[in-house]
Structure formats: C-alpha cells, structure tokens
Amino acid sequence: QIERERERERERERQAVVWGLQTVQGSQDQGKMAKKMPYVVGYNWVKKKDLPWNKDKLLRNVDLEGLRWRIVDAKGLVLGRLASHLSKLLQGKDKPTYDPSKDKGDVVVVVNAKDIELTGRKFDEKVYKWHTGYPGGLKQRTVREQWERDPTEILRKAVSGMLPKNNLRKARNRKLKIFPGPEHTFVGSKYENVEFVPYELPERTIRMTKKVEFLDHGKMPEGFQPLNREWYEKMCRLYKIANPYPKQVGDVSSDGKL
C-alpha cells in the first residue's frame with residue numbers, strides 16, 4: 001500500500017512538470033501539488049482555466065472563427081431599443097449568411113451600461129419577479145433596486161428575453177459582454193490582434209399616431225414668442241420645421257410668467 005502511494009505521488013510530480021504547474025515550496029512534502037479544485041476527470045488536481053488548451057483562449061466556450069468583435073456605447077440609449085439591436089447582432093441577422101439553426105453571430109461588447117435610459121416611469125414601476133421554489137418564495141425587485149446592485153443585469157435580462165428560446169440561447173448569451181463603465185477588460189497583449197468594430201444605432205424616427213394641426217407662425221410680428229415653448233419645439237422637430245423663435249434670456253416661460 002505504501003509503495004502504491006509513493007508511485008502515485010511520483011506520477012503526480014511527473015504530470016506537474018508536463019503541464020508546467022507550480023508545486024508547493026518550503027513545505028514538508030517537497031514536490032507535492034498545490035490543492036486544486038477538481039474540474040476534469042483524470043486531471044482532478046488542475047483547474048480548468050489552467051489547462052494548456054484554455055490559457056490562450058480569448059473567450060471560454062466560444063468558437064471565434066469568422067466572428068467580429070462589435071463594441072457598442074450604451075450611453076443615453078433607450079433600454080428596449082438597444083436590446084433589440086444587440087439581439088440581432090448576437091443572432092447574426094445583420095449578415096447575408098444568417099442561418100437560424102447556426103450560431104454565427106458576432107461578439108458584442110457593451111460599455112457605459114449604467115447610463116442607459118428608460119422611458120416613462122419604468123425606472124421605478126417596472127418590476128422583476130422570480131420564485132425561489134419554496135412556499136411563499138415569490139420575490140420581486142424594481143429596476144432602480146437592480147440598477148443599484150448591478151446595472152449590467154438590466155440590459156442582460158432585456159437582451160436574453162429577446163433571443164429565441166432554443167438550444168442556441170445560452171451560447172449566444174456567452175458572446176454578450178457588458179461593462180458598467182467606459183472601459184472593458186479585453187486589453188493587453190492577449191487581445192492585441194482583436195479589432196473592435198464600433199456599432200451605432202440608426203437614428204430614431206418618431207412615428208405620429210395622430211395628425212396634429214400645427215401652423216408655422218413665421219409671419220407673426222417681431223418679438224412674438226410661443227406661450228408653450230416645449231410643445232412648440234416638439235412640433236417643430238416632428239414636422240421638421242426650423243424654429244423661428246429661438247430661446248432668449250429673460251424670455252417668458254410656458255405659464256406666461258417672466
């Protein structure tokens with residue numbers, strides 16, 4: 001039994017030299033492998049990320065052959081509109097070679113995720129709900145509470161909900177990397193050959209559901225100012241008319257007061 005244990009120890013030392021793993025120095029058992037989390041059968045003293053075929057990978061469990069790295073700045077963008085565009089990039093719908101049965105979408109890196117916007121009062125009224133599986137285990141959390149915990153999870157949930165519910169959903173979610181600030185972690189010599197292609201959302205078009213009568217008051221006397229300036233400027237933008245009454249210092253406000 002003792003001889004068998006010694007043989008196993010010598011085999012572990014030989015494997016440590018082969019894989020280039022560090023040994024415990026200064027301990028009583030010289031050459032004994034440091035304790036590792038068991039991940040792979042047959043190499044249960046090695047972490048999965050320390051295996052030679054995983055050290056040089058840019059993204060784990062992602063086949064990057066033929067894929068682009070798209071970078072998106074989420075600052076000031078509406079959550080739902082941004083998520084719909086990101087889901088198309090992850091599925092590869094922007095390519096002429098799109099195939100719904102294959103995962104050929106690009107890698108998407110999103111920065112400034114904490115600066116996304118929500119329309120209306122969704123920031124306080126939209127609620128995420130889930131159940132723990134135990135009696136009375138219904139939990140809920142508002143967008144504001146989730147934003148204080150992890151702002152990247154808001155965008156991740158929105159994009160994941162817009163992806164098709166099939167076997168490719170998990171693989172597509174792996175290619176979505178979201179960062180709350182303006183910087184990402186894909187820097188250094190390991191990623192020096194990676195070319196980040198910026199992606200900008202097309203200009204937002206406002207569709208009017210009802211025609212509103214609006215007249216151009218360009219022929220009004222000099223010094224005339226609209227009473228409700230906000231409404232007037234909005235109508236000028238929708239009808240694509242230059243505002244003939246730019247805002248001035250000391251001008252009247254929407255309620256008619258100085």
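Q91 lies in helix α3, where helices are DSSP runs of H or I of at least four residues and strands are E runs of at least two, numbered from the N terminus. Q91 is buried, with a relative accessible area of 6%; buried means under 20%, exposed over 50% and partly exposed in between, with a 1.4 Å probe and protein chains only. This is a predicted model, in which local features need pLDDT of at least 70 and side-chain atom pairs count only at pLDDT 80 or more, while totals for chains, interfaces and linings use all residues. Residues are numbered from 1 along each chain as its sequence is written, and side-chain values use heavy atoms, with hydrogens and water left out.

**Surroundings of Q91**
- Leaving aside residues up to four places away in sequence, Q91 touches Y98, G105, M162, L163, P164 and R172; contact means heavy atoms within 4.5 Å.

**Strand pairing**
- Strands β1 (residues 69-73) and β2 (residues 107-111) run parallel and are joined by five bridges; two strands pair if DSSP finds at least two bridges between them.
- Within β2, V110 stands opposite V72.
- Helix α3 (residues 79-91) carries the chain from β1 to β2 in a right-handed β-α-β crossover, meaning that the path from the first strand over the helix to the second runs clockwise with the strands pointing away from the viewer.
- Strand β6 (residues 196-198) runs parallel to β1, with three bridges between them, and V197 in β6 is the bridge partner of R70.

**Whole chain**
- Eight helices and six strands make up the elements of the chain.
- Of the 258 residues in the chain, 29% are buried.
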